[in-house]
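Me: I have a model open on my screen and would like to learn how to read it. Could you walk me through some features?

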Amino acid sequence: MKLSNPSCLETLFKAFMNCKSVYFFLLVTLVICTSCQEDNGVKYLGESVEFTPKKEISIDSIKIDTLINNDIFFSGLGTWVIFNDSLTLLDRKLVSAHVFSDDLVHRSTNLGRGDGPNSINNIILETTIMDDYLVILGGSYQYFFINKNWEIVKRGQFDFYHENTSYEELLNNPKAHNVGHYDVFIEHLKLGHDYRGNLVFSITIPHPDFNYLWHEKFYQEARVLGKVNPDDPKVSIHGGYSPIYHRYRFLSTLTGAPFSYLDADTYIQGYEADSILYKLSGFGEVQYAFGVAGKEMNIAYENFKAEDVEEYEAVWKLDRDRYGYYHSVDYVRETGLLFRGYTKSNPLVDGMQIYRDDTLIGDVEVPKGFQFVGYKAPYYYGEFKYRPDKEEDSIKLLRFELPDN
């Protein structure tokens with residue numbers, strides 16, 4: 001029997017001491033434990049929310065195949081997308097889009113770095129597929145909408161400084177509600193969209209007097225998502241950190257907040273240090289929570305407040321290697337499945353959870369550094385977040401199938 005909070009033990013002990021009949025004691029025990037087990041709510045941004053960790057495992061393992069292409073020059077820094085029903089590798093440095101067949105035979109190369117009408121004179125930070133367009137977020141927070149003919153049909157730039165807040169006020173009196181304090185969170189960047197026509201992306205506050213390195217108040221007040229309408233690129237700010245960050249005070253090396261939209265009315269908000277997933281309305285109101293903790297994870301997190309940036313950078317690498325954390329959340333609309341990636345303490349493999357209708361149906365091992373890419377029937381695809389061998393010239397893409405359920 002699992003009691004959900006320590007006060008249940010005290011209540012049960014008092015009931016035992018006061019009961020003169022063992023049968024009466026058993027009845028009292030049943031009532032008390034039922035009451036305790038129903039106390040399964042959590043707080044999220046100050047609101048109580050029901051937490052239901054449902055698990056019905058039907059997928060114990062997956063077989064991952066590796067596709068290889070040795071014919072394309074690649075800078076080594078890239079990201080895969082499934083666009084226009086094709087497997088496409090975007091070279092972040094060269095801004096090249098290499099299109100491949102399903103068996104990874106090269107078909108064409110598009111875009112390019114430069115000043116031409118269909119070129120981008122910047123690096124690629126992140127991408128998303130929005131309706132029939134590939135959206136690229138480049139340096140200086142410029143965004144580009146690219147159609148299926150590889151033509152750039154819309155450009156813009158995120159505007160964080162549209163409020164009537166003076167530079168002196170922003171500098172001397174940092175407040176979490178001021179958009180002008182925020183910036184794109186490069187280290188934990190995800191770009192998505194909300195099915196209402198807005199781009200959604202990860203944000204943080206770099207202000208020296210209000211940030212995740214040295215200020216406990218940051219975790220209580222800072223927002224985690226920015227939104228932009230591509231036709232009016234004024235940034236709005238949304239969301240916040242889960243209660244686990246308030247409890248630890250400083251988890252500065254585990255501040256990623258991955259998210260994924262299910263549709264225009266619902267999205268899932270996750271956090272690197274939190275096993276719980278939060279289901280929110282499209283406007284940010286919390287609905288309920290779900291999620292099951294991953295396996296073989298070192299979650300013996302410790303508060304860490306660095307003396308300076310140099311110390312932070314040294315400990316950041318150490319923490320990212322030794323701790324387990326949930327680094328990604330990706331929803332596949334075609335199949336109705338949600339994938340959450342996480343790191344294990346195992347040096348050879350990581351983990352990936354599979355949810356259907358808020359229920360965990362699979363928790364499988366994946367190669368170390370595995371990052372979910374997307375779906376193109378009948379395969380799901382992944383890549384290595386960091387190249388295992390930086391000297392290797394081969395282009396690799398991972399794929400797997402799931403059993404019918």
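Predicted model: local features only at pLDDT ≥ 70, side-chain atom pairs only at ≥ 80, totals over all residues.

Me: What pLDDT does the chain average?

Reply: pLDDT is the predictor's confidence in each residue, from 0 to 100. Here the chain averages 89, and 88% of the residues score at least 70. Over residues 1-39 the pLDDT is below 50, and beyond near neighbours in sequence this stretch has 22 contacts in the model (contact means heavy atoms within 4.5 Å).

Me: Now a helix. Which residues of helix 6 are buried?

Reply: Helices are DSSP runs of H or I with at least four residues, strands are runs of E with at least two, and both are numbered from the N terminus. Buried means under 20% relative accessible area, exposed over 50%, and partly exposed in between, using a 1.4 Å probe and protein chains only. In helix 6, Tyr 312, Val 315, Asp 319 and Arg 320 are buried. Seen down the axis of helix 6, these fall within an arc of 135 degrees (taken from the directions from the helix axis to the C-beta atoms), so they line one face. On the other side, Glu 310, Glu 313, Ala 314 and Asp 321 are exposed.

Me: And Ser 252: is it buried or exposed?

Reply: Ser 252 is buried, at a relative accessible area of 1%. It is found in the loop between helix 5 (243-248) and strand 18 (259-263). Leaving aside neighbours within four places in sequence, Ser 252 is in contact with Tyr 212, Leu 213, Tyr 219, Phe 304 and Tyr 312. A polar atom of the Ser 252 side chain lies 3.4 Å from the backbone oxygen of Phe 304.

Me: Last, the strands. How many bridges pair strand 26 with strand 27?

Reply: Two strands pair if DSSP finds at least two bridges between them. Strand 26 (residues 370-376) and strand 27 pair over six bridges in the antiparallel sense, forming a hairpin with two residues between them. Phe 370 stands opposite Phe 384 in strand 27. Strand 27 (residues 379-384) also runs antiparallel to strand 28 (residues 395-400), joined by three bridges, and Tyr 381 stands opposite Arg 399 in strand 28. Five of the six residues of strand 27 are buried.

Methods. Residues numbered from 1 in each chain as written. Heavy atoms only, no water. Polar contact = N/O pair within 3.5 Å; in protein donor to acceptor, adjacent residues only side chain to side chain.
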